[in-house]
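Subject: Structure for you to look at

Hello,

Please find the sequence and structure below. My notes on the model follow.

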Amino acid sequence: MSTVSRAYLDQRLVLAKRCSKEATLAGAKAAAVATVASAVPTLASVRMLPWAKANINPTGQALIICTAAGMAYFVAADKKILSLARKHSFEGAPEHLKNTSFQGAGRPHPAFFRP
């Protein structure tokens, strides 16, 4: 078993904190956009449509807007975390694994798939 140095662990911790900060910022941006994108039609429909005016109270309006913002936050933050994890795992990979080009025989399918 190999030992892990303290400096290596500190470096990984700093990298993880930076990634989580970037993901939080990306999620906040997405939530702000989703809030505006869902608030405008929700509030406009409550003012203009008789059905919405009768059936969607202020609590319902807030739930619609907040649900869209919350989903956008978590989706954007998760996408950012996954993309950063993929980027950093690729950077630390050995050279023989970084070559992802396919050097096949030039045929797109095996023989049993050919017509």
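This is a predicted model, in which local features need pLDDT of at least 70, side-chain atom pairs count only at pLDDT 80 or more, and totals for chains, interfaces and linings use all residues. Residues are numbered from 1 along each chain as its sequence is written, and side-chain values use heavy atoms, with hydrogens and water left out.

Overall

The chain has 4 helices and 0 strands, in the order α-α-α-α. Helices (H or I, at least four residues) and strands (E, at least two) are DSSP runs, numbered from the N terminus. Of the 115 residues, 18% are buried; buried means under 20% relative accessible area, exposed over 50%, and partly exposed in between, with a 1.4 Å probe and protein chains only. The accessible surface of the chain is about 9,300 Å², and 67% of that surface belongs to carbon and sulfur atoms. Areas come from the Shrake-Rupley method with a 1.4 Å probe; for residues, only the protein chains shown count as cover. Among contacts (heavy atoms within 4.5 Å) between residues at least 6 apart in sequence, 67% join residues at least 24 apart.

Helices α1 and α3

Helix α3 covers residues 58-91, and what covers its buried residues includes α1 (6-48). The buried residues of α3 are Gln61, Ile65, Ala69, Ala72, Ala76, Ala77, Leu84 and His88. In α1 the buried set is Leu15, Cys19, Ala23, Gly27, Ala31, Ala34, Ser38, Ala39, Thr42 and Val46, and their cover includes α2 (50-55) and α3.

The length of α3 agrees with expectation, because its 34 residues should span 50 Å at 1.5 Å a residue and its end C-alpha atoms are 49 Å apart. The expected span is 1.5 Å times one less than the number of residues. For α1, with 43 residues, the distance from first C-alpha to last is 63 Å, close to the expected 63 Å.

Glutamine 61, in α3, is buried at 12% relative accessible area. Leaving aside neighbours within four places in sequence, glutamine 61 is in contact with Thr42, Leu43, Val46 and Ile56. Alanine 32 of α1 is partly exposed, at 43% relative accessibility. From alanine 32 to glycine 70 is 38 residues in sequence and 9.8 Å in space, C-alpha to C-alpha.

UniProt annotation

An unreviewed UniProt entry places the feature "transmembrane region" at residues 59-77. UniProt positions are given in the numbering used here, feature names are shortened, and annotations may be inferred rather than shown by experiment. In the model this span is 100% helix and 0% strand, with its end C-alpha atoms 27 Å apart.

Salt bridges and surface

The count is 2 salt bridges, each a side-chain nitrogen of Lys or Arg within 4 Å of a carboxyl oxygen of Asp or Glu. One joins aspartate 10 and arginine 6 (3.9 Å, N to O). These two are separated by about one helical turn because they are 4 residues apart in α1. Aspartate 10 is partly exposed at 35%, while arginine 6 is exposed at 65%. Another joins arginine 18 and glutamate 22 (3.8 Å, N to O), also 4 residues apart in α1.

Val4, Tyr8 and Leu9 form a nonpolar surface patch with about 290 Å² of accessible area together. Patches are made of residues with over 30% relative accessible area and no salt bridge; like charges are joined within 9 Å, and nonpolar side chains (Val, Leu, Ile, Met, Phe, Trp, Tyr) within 5 Å. Valine 4 sits in the segment before α1.

Regards
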